[in-house]
Amino acid sequence: MGLPSSYPWPSLCLLLLLILPLFFAVVAPVSAADTVLEDSAVVAGSKYSDLLSRTLSQYQKKDVPFSFPNYEKKKGLYRSDIHINLVGGKTKSLIRDKLQIYDSNFFVSAFVNQLLLESEALGTVIYPTTTLSDSLTTLSTFKDRNLDANTPIRTFWPQELNPKTNRWEPRPTNIMKMIKTQGSVAGAFKKIILSLPFGDSIWKSVENIINAPAQYLSFFFIPSDFDDTAANVVLGTRLKHTHPDLYDQWAADGNNNFLSYVTAMKKYAYTPFANDTDANLIDPRSYYFISDFLYQKQKECEEPHSTPYSECNLSLITTWAQDVDGARALEPRGMPFNVNNVDVSVVADATLAMSLALIEDIAPDTTWFDPMTQNMYKHSIDFVAWAIDSGMALKRPDIGLLYYPSVYDLYWFVSRHVADLRKAKISSPEKFVQFPLLNYTLNTFEASMKGAGTSQILSRASRNVDWNGSEVYWEDFIGGNDTGLLGGKIDRGGDRTFTTAVALNALFDTWTVPVPGTTTFKWAADVPPATKGTFKDALKYLSANYQDSKQAYNPFFSGDLKGRSTFPYVYPHNVLEHLDGSPLVNVTRKDMATGTVLCAVSGMIDATTYASMMNIPQAPAMYPNLKPPQYFTGFNDVQVDVIFPYWSSSALTYSFTLLALSKDAALVA
């Protein structure tokens, strides 16, 4: 899943989220007639039925066209909204939580469907077949229409045909339509803003953006990506055992052509040791995050090898199904910042899709898992494990988890991979003989999650102790550093339900093993008593508090630009030019606004040289005194004022919670 970074995100999001929702969020609330709630879809058990009902209430059962002041909504999708991360007093928290833009995307609905199918497989709920079928039909429209119809590759947003280029372009429908109408309603915006409390200051902050040049629209055009595609593949594997008829329908829609997905992954993979200047280019943020891993692999490359997976051919899965040549051809409508990046969670999700494709025989044969693919798969597994074991994912989520700002997402991706492989080793042991790398992945990820992963999760837990016993919860950053009227800190815990549910799923998948021949689980023999106790105390908290809507927000994914520490230009780079090849000596804000700047690292920068570059400001025209940031102070640092867009969906919160409670119900010992 990748999302656009776009230079004007902070200002543009302030415009959209401070102004437009005054019309859209308030004037046009969600209609009960637009959503579906089927009581017949529930099995006995109030908390399971309640959570299923809450999730289904976010499902769109009919198309709604864009007509001011109503958002466009697509039948078959679960609701998600764009918010902006603001930290501070009541006004900022109100803006952050309540002002939102309805967004139609593939990503949220793919994951909600996965989670509901997993709960259904555990027997706590029955997912309405009609609802699921309609959702799959809508999700099929996100297939990349620029490719052969026989492909599983998906886009994040719905696509529209650009008549000038004759290409299909993914676009955020509601944002695009609102931006296109802003010129004609600018006067009305001003009048509305000035009538609000603090209207003068709000108007001053957005006045120059209201009439922003049309070039800013280019930041909302992105290519297809390997994360949405991975979510699509995993969804198909969840269908295979619970809804075989719908699985056949899904597979027949080109999704069994797994070769096309893998071919694209190999084509756009990051190969830092290659001589191909297009293949060895990477976003400077990614290079900084991964540099220790790269230098380690470079050293191993110089040593004798006894395995077929040469570190000299290092290859990692990237985010975007595009390279710089592709960005040049579509200028300025390519991937954000015109260069690919590596997101640990995206890589984790993509490797899960590859493992499940092998286990579930998604493709007619497994010839797609050739030596080159195995090399990329193995190195990507190593990278994800390194990110957890080294603590880098926890230290620098701002640049290592570009699109998944919550590190708990990563823990869940890796732990569910472990759980799926454990289950498959019982049901399909021959696969682990045929593909030894599945054993390698299971052992590697299990070690990471039982070691550093669990330690990191437990260290971030919060505990309440009172007369009623002990409760444990986790929270990330939404509402975690707000202030009251007198300036005191207030922890609103906006994502507490979601984060607790994700952490519980990760712990369960790490420390339980399936009971053969059943849908039940038992604790692994080596589970620490403290982990079991924390799990039970967190379940207690989740069961008692999931109905609190103020804690139902989530930062499951976001844009990749989150303040100065996430600008690629401020990190060491050895490529700086316009896409047409004309050189740039020093990037300016004006250059950045054109959308045609290419700032990247090509190949490997000598470790000593790189260390010296870290002591020198890399974008002096923009930030003359800013050296490459080596520390991350958090998404709630009011001194830095990190403003960025994130996508929140209560359907995700409730479906994650449902799955956590369903897993607990399946735990027999």
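Let me start with Phe556. Setting aside neighbours within four places in sequence, Phe556 touches Phe107, Phe111, Tyr403, Tyr404, Pro405, Asp409, Trp412, Phe498, Trp647, Leu652 and Phe656. Keep in mind that this is a predicted model.

What does Phe556 belong to? Together with Phe383 and Tyr569, Phe556 has the most contacts inside the largest nonpolar core, a set of 173 residues. The element that gives the most to this core is helix 14, residues 344-359, with twelve residues.

Now the whole chain. The protein has 669 residues, and 62% of them count as buried. Its secondary structure comes to 25 helices and 15 strands. Take the contacts with a separation of 6 or more: 76% of those are between residues 24 or more positions apart.

Next, the helices. In helix 6, residues 129-139, which residues are buried? They are Thr131, Leu132, Ser133, Ser135, Leu136, Thr138 and Leu139. The cover over these buried residues of helix 6 includes helix 3 (46-56), helix 5 (106-121), helix 9 (226-242) and helix 10 (244-255). Going back to the opening list, Phe107 and Phe111 are contacts of Phe556, and both numbers fall within the 106-121 range of helix 5.

Strand 1, residues 81-84, runs antiparallel to strand 2 and is joined to strand 2 by two bridges. Within that pair, Ile82 stands opposite Ile101. As a general point, side chains in a regular strand alternate between the two faces of the sheet.

The last item is a hairpin, made by strand 3 and strand 4 with four residues between them. Strand 3 covers residues 159-162 and strand 4 covers residues 167-170; the two run antiparallel and are joined by four bridges. Which residue of strand 4 is the bridge partner of Gln159? That is Pro170. In the turn, look at Asn166, which has a positive phi of about 60°.

Conventions. Residues are numbered from 1 along each chain as its sequence is written. This is a predicted model: local features need pLDDT of at least 70, side-chain atom pairs count only at pLDDT 80 or more; totals for chains, interfaces and linings use all residues. Side-chain values use heavy atoms; hydrogens and water are left out. Two strands pair if DSSP finds at least two bridges between them. A nonpolar core is a set of buried Ala, Val, Leu, Ile, Met, Phe, Trp, Tyr and Cys residues joined through side-chain atoms within 4.5 Å. Buried means under 20% relative accessible area, exposed over 50%, partly exposed in between (1.4 Å probe, protein chains only). Contact means heavy atoms within 4.5 Å.
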